[in-house]
Amino acid sequence: MVTAPLPSSLVDNPRLDRWIRFLPDRTVRIATGKVEIGQGIVTALGQIAADELDLTYGQVVVLSGDTDEGPDELYTSSSHSIEIGGRSIQLVCAEVRAKALERAALRLNCSPADLAVAEGRFLQNGAETGQDYWTVAGEIDLSQTVKGTTAPKATNAHTVIGKDMPRLDLPAKVNGAVAFLHDVLTPDTLHARVLRQPNRGAGLTSLDEAAIRRTAKGAFDILRDANFVAFVGREEGVVEAAAVAAKLHATWDKRRPLTQAMQEAAWLKDQPSEDRPYGAPVPSVPPQSLIQATYSRPYVAHASMGPSCALAEYRDGHLTVHSHGQGMHPLRRNLASALGLPIESITARHLHGPGCYGHNGADDAAMDAAVIALRMPGRRIRLRWRREEEFGFEPVGPAMLITLHVDLDDRGYPADWTTEIWSPTHVQRPGSGGTLLAREALADPPAPPKPSDPLPERGGGATRNAIPLYDVPVHRILHHLTQDPPVRTSALRGLGALPNVFAIESMIDDLAARVGQDPLDYRLAILSDLRGRRLLERLAERCGWAARGAAGTGKGLGLGFARYKNRSAYAAIAATVTVDEEVRIDRVWCVADTGTIVNPDGARNQLEGGIVQAISWTLKEQVRFDAHGISSLDWDTYPILRFSEVPEVEVELVDGKGNPPLGIGECTCGPTAAAIGNAVAHALGVRIHDMPFTRERVMKALL
Amino acid sequence: MSVAFTVNSKARTVEVDDATSLLEVLRNHLGLVGTRFGCGLEQCGSCMVLVDGEPMHACSRDVAAVSGRSVTTVEGLSTNGALHPLQQAFLDEQAGQCGYCLSGILISAKALLDRNPRPSRSEIAAALDRHLCRCGSQPRILKAVERAAAVMRGEW
């Protein structure tokens, strides 16, 4: 019997047939609202279902991101896909397995307890019964509501969960098959590009269509509706040329000029903000031994390898959209609202896209395509953003400025801790604090949304991981939520966790140095969490911490540790660096506790990816502005980590059996940034507080 | 304009406008969608193809530039349906996350192994340095190329 509350996905989608269907070809189709964004989730969810139903992995087919047939599980975000989506599938499968065995037992005149399942066949005392899921499927009423009371298998009974499972989607991605939404190029497709409104409220005062046509040379339509302009035609190169030319032949009023100063986190400090205090009240007595330091991370980009793309077709009053966004049901709701269509008249389906690390341009591209499709009924529209459009108009990860105020006790350990944060919102998805770009360009645009940010008890946005996991008796957060940031900000891998963990772990190393204690020993002295202690101790063995040399030699070893959201997966990371004029990461070790592991190799792949991406953010990345808006519009002005800069990465998963599975995509990012920060401080003998660790910052620190 | 060239050992002739890129011809006219658009600026490597055995960006090259030449795309790496050892090694190492960058990387890796059957880790990294991967699959990709090289030498 399960008595825990139902996972939210089952509360929202209680009918069993939203999740599971027995197909005539002796497979079982599992549906999920979570989608593949490069993280291998579809493979892992299939493993969970196969194990619970006692099927081979090959007998499970996963339908992902389909508003007509699949469950609404909101977005594929926040490392929830295994914790909530996987748990939902597990409970559904346990319940349906029990129902199937009940029906078979009636037929066989035995007790369900006498039956076992092997590859979907039902056995009695090890002998075939002639019954299986498919013989009884017609007698199971899957329109029933899930009860969620059938206990899933014990962890130690798993045979598919815990096995390395090759990614289902990878073969198509190495052999040139149609693997991405971008690759669906049917002969009747019309290609489309958009001229973007440069900022919210900007008005198109003139558009020299003749000049655009002279440049683009070819047949295409120009759609114009208020401040929305699209170019649509059969030849992709022609509409691309039209969109490039359009930027030069359009004039706008109500521009919002940006300045270079605005691109820095420090700019946030003087801006109007809503002040949001959390945690302990401000102490009434003055501090004993107050240590303060300020850290920052600038605006950073998703910088996906391919620009956003969408397909849309409006036929017989029904709009069908294919998107690589993070949630098809939310997309359908947002499109219905923005287009003024009944929700039943829209189908949204997921197809794979280039790597997605949060709220990027995919939803906006889907809206662009839909707006065009509604104006060209019966035509299949393929809308793709241009590279500079992707860099210039995707929501960016917000800049954060963090000041830590730590009052120490007599032994030099934190007694009272305040994390003060200046940051714009981390969640501005359409429908929850944001709007779709094309909607802003059409007539009667909605009023700008009032900024909000997830509350700490919901995992937090800017406040994510703002409180250390260490034993700090009194702590509080003061979040200054920036009211009018210069650019659109939204969810990017880990939200505030990376800057906050970087700040906290930098501070911890400096506090250890104050009392002359080794940074590892200092951490262990103030960490009661047993799973965390185990990781730090194991990491120390792996990276040879005991042999760590003196500071200031140009070579450094540092570590960083956090439990994601203070309640999800644990990661401890160590890095060795060489700092000359630039920072080079030589080697990274990661030890992670992610609870029960569904697909160990898939988990390692995600942990490695989080580490490499976080190295790139920490060393290299900053979104830059000029008077026209975002000015880092290509890979030269927005460099990311290259092959020759990638270190050796060693990942160890500790046995987390017995603990629930935890999402793994985001847990390494903060500890990686922190480990680099501490390793660089060890190498230089001085700390760099501001990301990215560019050559200029290193030189400045050395002066 | 009519352009004749060889793609994956097949003679092809296309009728297109002068300024049509090789990438657009491959994807939109010849149905070879494995070569992907990333930036259009020769900065990311997603569109890499072999032209007479040399890795070149297809995004910004007019198709006329390959007239009479031989182009190999990721679709041309396998022979008679059997994956190239590089493709197999990428699957064996699970070297990929979103996979968008992989076609171009496979092409450059093939060019490398064709001229250097025993590359060091740093030679592989150097050969792939024109390629970006945002998901952080580089450690696995480097291992996969090493593995493929070993397989092709008969040492795996």
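pLDDT is the predictor's confidence in each residue, on a scale from 0 to 100. The structure described here is a predicted model, and chain B averages a pLDDT of 97 in it. In chain B, 100% of the residues score at least 70. For the complex, the predictor gives an ipTM of 0.98 and a pTM of 0.97.

Chain B contains five helices and five strands. Read from the N terminus, its elements follow the order β-β-α-β-β-β-α-α-α-α. The C-alpha trace of chain B extends about 45 × 30 × 25 Å along its principal axes. A compact globule of 156 residues would have a radius of gyration near 15 Å, and the value for chain B, 15 Å, therefore agrees with that expectation. Of the 156 residues in chain B, 56% are buried.

Strands of a sheet pair through backbone hydrogen bonds, in either a parallel or an antiparallel sense. In chain B, five strands make up an open sheet with the order β2-β1-β5-β3-β4, and the pairing is mixed. Its edges are formed by β2 (10–15) and β4 (54–57) of chain B, each of which pairs on one side only. With direction ignored, neighbouring strands of this sheet are turned by 40° against each other on average. Strand β3 of chain B, residues 48–51, runs antiparallel to β4(B) and is joined to that strand by four bridges. Within this pair, B:Met48 has B:His57 in β4(B) as its bridge partner. Helix α3 of chain B, residues 102–115, packs on the sheet and touches β3 and β4 of chain B. The direction of this helix makes about 35° with that of β3(B).

Chain A also contains an open sheet, built from three strands in the order β4-β5-β6 (chain A) with antiparallel pairing. The edge strands here are β4 (115–118) and β6 (127–132) of chain A, and each pairs on one side only. From one strand to the next, the twist averages 40°. Strand β5 of chain A, residues 121–124, pairs with β6(A) in the antiparallel sense over three bridges. In this pairing, A:Gln124 stands opposite A:Ala127 in β6(A). Helix α3 of chain A, which covers residues 81–108, packs on the sheet and touches β4, β5 and β6 of chain A. Its direction makes about 110° with that of β6(A).

The interface between the two chains was considered last. The contact takes 43 residues from chain A and 50 residues from chain B. On the side of chain A that touches chain B, the elements giving two or more residues are α5 (170–174), α7 (236–248) and α15 (600–620) of chain A. Helix α15(A) supplies the largest share of that side, eight residues. By residue class, the side of chain A that touches chain B comprises 18 nonpolar, 15 polar and 10 charged residues.

Key:
Residues are numbered from 1 along each chain as its sequence is written. Chains are lettered from A and ligands numbered from 1 in the order in which they are written. This is a predicted model: local features need pLDDT of at least 70, side-chain atom pairs count only at pLDDT 80 or more; totals for chains, interfaces and linings use all residues. The radius of gyration is taken over C-alpha atoms; the globule rule is 2.2 Å times the number of residues to the power 0.38. A residue is buried if 20 or more other C-beta atoms lie within 10 Å of its own, exposed if 12 or fewer, and partly exposed in between; C-beta atoms are placed from the backbone. Two strands pair if DSSP finds at least two bridges between them. Axes are lines fitted to C-alpha atoms, for helices over the stretch in contact, and angles run from 0 to 180 degrees between N-to-C directions. Two residues are in contact if their C-beta atoms, placed from the backbone, lie within 7 Å. Ala, Val, Leu, Ile, Met, Phe, Trp, Tyr, Cys and Pro count as nonpolar, Asp, Glu, Lys and Arg as charged, and the others, Gly among them, as polar.
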